[in-house]
Amino acid sequence: MNEGREYLDCIDFVRVVSDYLERELTGEEVSLVEEHLNLCDGCGRYLDQMRQTIRLAGLLRQDELSEEIRPALLAAFRRWRRP
């Protein structure tokens, strides 16, 4: 996130949502995110979807995944975490 910013737009929010959920942002960055969430219903819904996805993914066990799904799911997560 750019230092010294007074606002956060939706694109920046999407870029930092994982860090926000993992509590890896500074206090100032958290304030910018939360201010944005107070003004943007769309990003609030996106945050709720991310939380739900994380919660549901946490319920899966590796032995419950089919052999066809496992490689695709792992590839998707690897692409998601790349800078």
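1. H2 and H3 cross in a left-handed sense (left-handed: the near helix is turned anticlockwise from the far one by less than a right angle). The model is predicted: local features need pLDDT of at least 70, side-chain atom pairs count only at pLDDT 80 or more, and totals for chains, interfaces and linings use all residues. Residues are numbered from 1 along each chain as its sequence is written, and side-chain values use heavy atoms, without hydrogens and water.

2. The axes of H2 (residues 27-39) and H3 (residues 41-59) come within 6 Å and cross at roughly 115 degrees. H2 is therefore roughly perpendicular to H3 (65 to 115 degrees). His 36, Leu 37 and Leu 39 of H2 make the contact with Asp 41, Cys 43, Gly 44 and Leu 47 of H3 (contact: heavy atoms within 4.5 Å). By class, that contact has four nonpolar, two polar and one charged residues.

3. H1 and H2 pack at about 120 degrees, their axes 11 Å apart. From H1 come Cys 10, Phe 13, Val 16 and Tyr 20; they meet Val 30, Val 33, Glu 34, His 36 and Leu 37 in H2.

4. Cys 10 lies in H1 (residues 10-21). Is Cys 10 buried, partly exposed or exposed? Its relative accessibility is 38%, so Cys 10 counts as partly exposed (buried is under 20%, exposed over 50%, partly exposed in between, with a 1.4 Å probe and protein chains only). Leaving out residues up to four places away in sequence, Cys 10 touches His 36, Cys 40 and Cys 43.

Conventions:
Helix = DSSP H or I, 4+ residues; strand = E, 2+ residues; numbered from the N terminus. Axes fitted to C-alpha atoms, helices over the stretch in contact; angles between N-to-C directions. Parallel < 35°, antiparallel > 145°, perpendicular 65-115°, else oblique. Nonpolar A, V, L, I, M, F, W, Y, C, P; charged D, E, K, R; others polar.
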